[in-house]
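I opened this notebook to record a set of look-ups in one structure.

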Amino acid sequence: MLLYQIGNSVKGNHFHYEIFQNDVWISHFHQCFEMMYAMEGDTWFCLDGEKICLHQGEMCLFMPNQIHSFEVSEKARLWVCVFSEDLVDTFSKETKNKKY
């Protein structure tokens, strides 16, 4: 199953963050950037079919429309920030047509 997050696919100055613990997000995508920071413990995420461990103190960035999922254990805390392209106009222009 694949989820399209319309709430995280808005234009303008969209910015939202949340801290997750003991949570699972199924495969999804949206038009905004998503940044994750492992505050405590390890978190597993899946990107392009590859399962990757994000260790405490590490950060990752998902590009708009990249399919991803994640699983946060009970002992981990994950900071997740979702923000629109408009907040990083120059960065967006540089990466818009690149494939990762």
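The entries below follow the order in which I made the look-ups.

**Basis.** I worked from a predicted model, in which local features need pLDDT of at least 70, side-chain atom pairs count only at pLDDT 80 or more, and totals for chains, interfaces and linings use all residues. Residues are numbered from 1 along each chain as its sequence is written, and side-chain values use heavy atoms, with hydrogens and water left out.

**Aromatic pairs.** I searched the whole structure and found 8 aromatic pairs. Rings of Phe, Tyr and Trp (its six-membered ring) pair if their centres lie within 6.5 Å; planes under 30 degrees apart count as stacked, over 60 as edge-to-face, and the rest as tilted. I noted Phe15 and Tyr17 as a tilted pair, because their planes meet at 55° with the ring centres 6.2 Å apart. Ring pairs join Phe15 and Tyr17 with Trp79 in a cluster. I then checked Phe15 for accessibility, and its 48% relative value makes it partly exposed (buried is under 20% relative accessible area, exposed over 50%, partly exposed in between, with a 1.4 Å probe and protein chains only).

I next looked up Phe20 and Phe70, which I recorded as edge-to-face because their planes stand at 70°, with centres 5.7 Å apart. This pair links distant parts of the chain, as Phe20 lies in strand S2 (residues 15-20) and Phe70 in strand S8 (residues 68-72), 50 residues apart. Strands here are DSSP runs (E, at least two residues), numbered from the N terminus. Phe20 is buried at 8% relative accessibility, and Phe70 is buried at 3%.

**Charge over a ring.** I found Lys51 over the face of Trp44, 5.3 Å from the ring centre. The criterion is NZ of Lys or CZ of Arg within 6 Å of the ring centre and within 35 degrees of the ring normal.

**Sheet.** I traced an open, antiparallel sheet of 4 strands in the order S2-S9-S4-S7. Two strands pair if DSSP finds at least two bridges between them. S2 and strand S7 (59-62) each have a single partner strand, so one side of each is without a neighbour in the sheet. Strand S4 (residues 33-40) pairs with S7 in the antiparallel sense over 4 bridges; Glu34 has Phe62 in S7 as its bridge partner.

**Hairpin.** I recorded 5 bridges between the antiparallel strands S5 (residues 43-47) and S6 (residues 50-54). Leu47 stands opposite Glu50 in S6. S5 and S6 form a hairpin with 2 residues between them, and Asp48 in the turn has a positive phi of about 50°.
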